[in-house]
Amino acid sequence: MQIWVDADACPRVIKEILFRAADRKKVRLTLVANQPIRTPASPYINSLVVGAGFDVADDKIVELLQPGDLVITADIPLAAAAIKKAGHALNPRGEFYTPDNIQERLAVRNMLDELRGCGVETGGPAALNTGDRQAFANQLDRFLARH
């Protein structure tokens with residue numbers, strides 16, 4: 001099992017939680033981004049730089065993902081692709097995307113995207129708070145304990 005991180009948009013505090021977990025649990029962690037990402041010196045942690053472009057990092061994660069791997073992302077289409085390949089997807093707020101909820105999430109995302117395309121202000125997600133960070137850390141720990 002490996003953890004893949006959609007690193008371009010992943011908050012630094014979430015990356016730090018992941019770094020500690022990878023070392024503690026001895027799990028491979030790969031951050032995939034369009035630019036170099038600083039990682040601590042660890043045999044379990046590395047980064048992969050991909051070319052610039054829309055969804056290039058997402059496509060690389062899906063290409064390399066193996067069944068049972070975990071993807072850390074807030075990108076709902078990437079989460080859906082991970083689930084389709086029998087992977088797992090966890091967002092930085094500590095919510096797992098599952099086969100049961102991913103279609104609804106995609107539908108809401110697409111509806112909001114259409115509204116924005118029509119000029120409607122839909123707002124963005126709230127800032128990541130302490131509760132979100134704790135929820136993420138708890139879900140990650142539970143997942144790693146099971147796998």
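First, a word on the source. This is a predicted model, in which local features need pLDDT of at least 70 and side-chain atom pairs count only at pLDDT 80 or more, whereas totals for chains, interfaces and linings use all residues. Residues are numbered from 1 along each chain as its sequence is written, and side-chain values use heavy atoms, with hydrogens and water left out.

Let me turn to the fold. The protein chain has five helices and six strands; helices (H or I, at least four residues) and strands (E, at least two) are DSSP runs, numbered from the N terminus. Read from the N terminus, the order of elements is β-α-β-β-α-β-α-β-β-α-α. Along the principal axes, the C-alpha atoms occupy a box of roughly 50 × 30 × 30 Å. The radius of gyration of the protein chain is 15 Å, which agrees with the value near 15 Å for a compact globule of 147 residues. That radius is taken over C-alpha atoms, and the globule rule is 2.2 Å times the number of residues to the power 0.38.

Of the 147 residues, 38% are buried. Here buried means under 20% relative accessible area, exposed means over 50%, and partly exposed lies in between, with a 1.4 Å probe and protein chains only. Among contacts with a separation of 6 or more, 50% join residues 24 or more positions apart, a contact being heavy atoms within 4.5 Å.

Now to helix α5, residues 130–146. Its 17 residues should span 24 Å at 1.5 Å a residue, and its end C-alpha atoms are 25 Å apart, which agrees; the expected span is 1.5 Å times one less than the number of residues. Which residues of α5 are buried? They are Asp132, Phe136, Ala137, Leu140, Phe143 and Leu144. The buried residues of α5 pack against β1, α1, β4, β5 and β6. On the other side of α5, Thr130, Ala145 and Arg146 are exposed. At the N-terminal end, Asn129 caps α5, with a side-chain oxygen 2.9 Å from the backbone nitrogen of Gly131.

I come finally to charged pairs. Side chains of opposite charge can pair when their charged atoms come close. A search of the whole structure finds four salt bridges, each defined as a side-chain nitrogen of Lys or Arg within 4 Å of a carboxyl oxygen of Asp or Glu. I shall describe some of them.

Asp141 forms a salt bridge with Arg24, with the closest N and O atoms 2.6 Å apart. Asp141 lies in α5 and Arg24 in α1, so this pair ties together parts that are 117 residues apart in sequence. Asp141 is partly exposed at 33% relative accessibility, and Arg24 is partly exposed at 48%.

Arg12 pairs with Glu16 at 3.3 Å between the closest N and O atoms. Both belong to helix α1, four residues apart, about one turn of the helix. Arg12 is exposed at 65%, whereas Glu16 is partly exposed at 34%.

Glu63 and Lys60 form a salt bridge at 3.4 Å, N to O. Both lie in helix α2, three residues apart, about one turn of the helix. Lys60 is partly exposed, at 26% relative accessibility.

Definitions and conventions
A polar contact is a pair of N or O atoms within 3.5 Å; within protein, one must be able to donate a hydrogen and the other to accept it, and residues adjacent in sequence count only if both atoms are side-chain atoms.
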